[in-house]
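This report walks through a single structure. It covers the ligands, then the sheet, the helices and some backbone details.

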Amino acid sequence: MTKQKTIHIALLGLGTVGGGVYKLLNRRAGEMSNIVGANVQISHILVHNLSKPREGGDAALLTDNWADIINDPEVSIVVELMGGMEPAYTYIRQALTAGKNVVTANKDLIAVHGGELLDLAEEHGCDLQFGASVAGGIPIIRLLKQSLAGNEITEIMGIVNGTTNYILTRMTEEGMEFSEALAQATELGYAEADPTADIEGYDAGRKMAIMASIAFHSRVTFDDVHTEGISHITATDIKYAREMGCELKLIGVARQSAGEIEVHVNPLLLPLSHPLATVKDSFNAVFVHGDALDDAMFQGRGAGELPTASDVVGDIIDTARNLVHGSTGHLGCTCYKDLPIKSIDEIESKYFLRMAVEDRPGVLAGVSGVLGNNGVSIAQVVQKHKNLKGKVELVVITDTVRERNFRDALTILDSMSMVSELSSVIRVY
Ligand code: NAP
Ligand code: HSE
C-alpha cells in the first residue's frame, strides 16, 4: 500500500473560530484521507499570548513567532483566523508570495484588499479562500462563485449580521428598547466587546462588498457601501412597523442594473410575506435573484465557533484536494468588469417617516406641500397620538422616491417651526 501524502497546515489564531476549526479538524481527522486523498495535519498554531490558559489546542503546536510558520517549507495551507487588518494582511501576503495557500474568515481584510490578494494568489499559483468571511456557516461565497456562476445575478439581499438581527428580534418580540436588547446580545456573546461595527452596519457592509464583487464580477470595496445601522431604532418604530404588517430588519442590498451597481446597508421595513422577514434571532440569510435561478434564499448560522468552522474547514478541504490534484490557483479573481457604483443620492426607495408636528389646521397641508414640491409622493398618512404639549405624531409612507429628493424635503421639514421633531426615517421595501 502506498503511503498517503500529508498536508501540513498552520492555524493563525485559536480564538472562537480557530478553536472551532481545531476541534472540527480533529473530529474529522480519521476521515480526511478518504475525503481529501491525503492526511491533513495541523503543524503550528500561532497565538498572541502564549501564557493564556486554553482549553483546546495542542500546547506543543503553539507559537507566537510567525517565522516558525512562514519559514517551514512543509506548511502548504495557512489558515488566518486572527482578524483585523494587521498583521493579518502582511502575513497573508507573505504566505502567498512564498507559495502557501491561504484560507481566511477575515471580512475586514477581504472587503478592502480582496482583489489585490486574489491577484497575488493567482500570480503564485495558490488558492485564497474566504468562505467564512460572509455569513459564517452559510457557504454563500462558494455558491455565488461556483454553483450560481451560470446566472446573471441582479440582486442580493441579506441579513448578514447576527448581532443586529438578534437585537431587532428582541425589540420586536418583547418590546425591548435598543439598549436593553444590545445588553442582552452582549451577555450572550453575540455582540463584540466594541459592538460599533455590528450596530452601525459596517460588518454587514463589508460582507455585502465581498458578495457584490463576486456576484457582479466587478470589484466593490467597503468604501463603496453606504451603511446605516440600527442604534437609532426605537421600540415605537418597530411597533408601528408591525401595525403596518412589516418586520424591521437590517438588510444589505446589492443590485446591478443598467450597467451600475448599488450597494447599501440599512434598516428596512419588510412585508411579513418576504422570506427575509421570517429570519429571527442571530440567524443569517441571503436572498439571491439570478436570471436562471429566479429567487432563492440561503439561511443558517452566521457566526459562532462550529458554524463558522464548518465553512473554514470546507475551504481547507477544497484547498487540500486542489493540492492533491496539483490544481491550486485555478479559481482566482473573477472581477473582469469595472462597473460604476451608483451614488446613494440616486437610489430609489419608499420611506417611513415619523414626526411630531403642531396640532393645528394647515400643518398636514404644510408637510404634504413640502414633500410634493420635492417630488415625494405620499402613499399613506396616519395621525398617531396627541400628546399633552399640543403635538401630534404623524407617520407618512411615501411612494418610491429618489434619495436626493427625499433628503431635500427632510432638510426643509426639519427647519419648519410646525415640525418639532423628525423622529424616524426608515426605508420600506
Ligand atoms: P478571537 O476569538 O478574538 O480570536 C483571535 C485569535 O487570534 C486569538 O487566538 C488570538 O491570540 C489570535 N491573535 C490575534 N492577534 C494576533 C497576533 N497579532 N498574532 C498572533 N495571534 C493573534 O476572534 P474570532 O472571533 O475567532 O475571529 C477570527 C476571525 O474570524 C475574524 O476575522 C472574524 O471577523 C472572523 N469571523 C468570526 C466569526 C465569529 O463568530 N466569531 C464569524 C465569522 C467570521 P490569543 O488567543 O493569544 O489572544
Ligand atoms: N459580529 C458578527 C455578527 C460575527 O454578529 O454577525 C460574524 O461575522
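How far is an oxygen atom of ligand 1 from a polar backbone atom of Thr-16? The distance is 3.0 Å, within the cut-off for a polar contact (a pair of N or O atoms within 3.5 Å; within protein, one must be able to donate a hydrogen and the other to accept it, and residues adjacent in sequence count only if both atoms are side-chain atoms).

## Basis of the model

This is a predicted model: local features need pLDDT of at least 70, side-chain atom pairs count only at pLDDT 80 or more, and totals for chains, interfaces and linings use all residues. Residues are numbered from 1 along each chain as its sequence is written, chains are lettered from A and ligands numbered from 1 in the order in which they are written, and side-chain values use heavy atoms, with hydrogens and water left out.

## Ligand 1

Two further polar contacts involve ligand 1. A polar backbone atom of Gly-304 lies 2.7 Å from an oxygen atom of ligand 1. The side chain of Lys-107 places a polar atom 3.2 Å from a ligand 1 oxygen. On its own, ligand 1 has 900 Å² of accessible area, and the protein covers 77% of that. Accessible areas come from the Shrake-Rupley method with a 1.4 Å probe; for residues, only the protein chains shown count as cover.

The shell holds 22 residues, where near means that a heavy atom of the residue lies within 4 Å of the molecule or strand. The closest are Leu-14, Val-17, Asn-49, Arg-54 and Gly-304. By class, the shell has ten nonpolar, nine polar and three charged residues. Ala, Val, Leu, Ile, Met, Phe, Trp, Tyr, Cys and Pro count as nonpolar, Asp, Glu, Lys and Arg as charged, and the others, Gly among them, as polar.

## Ligand 2

The residues around ligand 2 include Lys-107, Glu-192, Asp-203, Gly-302 and Ala-303. Its shell has one nonpolar, four polar and five charged residues.

Asp-198 has a polar side-chain atom 2.8 Å from a nitrogen atom of ligand 2. In Lys-207, a side-chain N or O atom is 2.8 Å from an oxygen atom of ligand 2. For Asn-161, the corresponding distance to an oxygen atom of ligand 2 is 3.5 Å. The protein covers 87% of the 260 Å² of accessible area that ligand 2 has on its own. Helices α7 (162–174) and α10 (202–216) are the elements that give two or more residues to this shell. Helices (H or I, at least four residues) and strands (E, at least two) are DSSP runs, numbered from the N terminus.

Helix α7 is largely enclosed by the rest of the structure, because eleven of its 13 residues are buried. Buried means under 20% relative accessible area, exposed over 50%, partly exposed in between (1.4 Å probe, protein chains only). Among the buried residues are Gly-162, Thr-163, Tyr-166 and Arg-170. From first C-alpha to last, α7 reaches 18 Å, close to the 18 Å expected at 1.5 Å a residue. The expected span is 1.5 Å times one less than the number of residues.

Gly-326 follows α12 and has a positive phi, near 65 degrees.

## The six-stranded sheet

An open sheet has the strand order β3-β2-β1-β4-β5-β6, with parallel pairing. Its edge strands are β3 (62–63) and β6, each pairing on one side only. Two strands pair if DSSP finds at least two bridges between them. Strand β2 (residues 39–46) joins β3 through two bridges, and Ile-45 stands opposite Leu-62.

Four bridges link β4 and β5 in the parallel sense. Glu-80 faces Thr-104 in β5. Strand β5 (residues 101–104) is covered on both faces: Asn-101 and Val-103 are buried on one side, Val-102 and Thr-104 on the other.

## Backbone exceptions

Most residues other than glycine have a negative phi, and most peptide bonds are trans. Glu-86 and Pro-87 are joined by a cis peptide bond, with omega about 5 degrees. Pro-87 sits in the loop between β4 (75–80) and α4 (88–97).

Ala-135 has a positive phi near 60 degrees. Ala-135 lies in the loop between β6 (128–129) and α6 (140–147) and is buried, at 0% relative accessible area. Asp-294 also has a positive phi, about 70 degrees. Asp-294 belongs to strand β12 (residues 294–301) and is partly exposed, at 44% relative accessibility.
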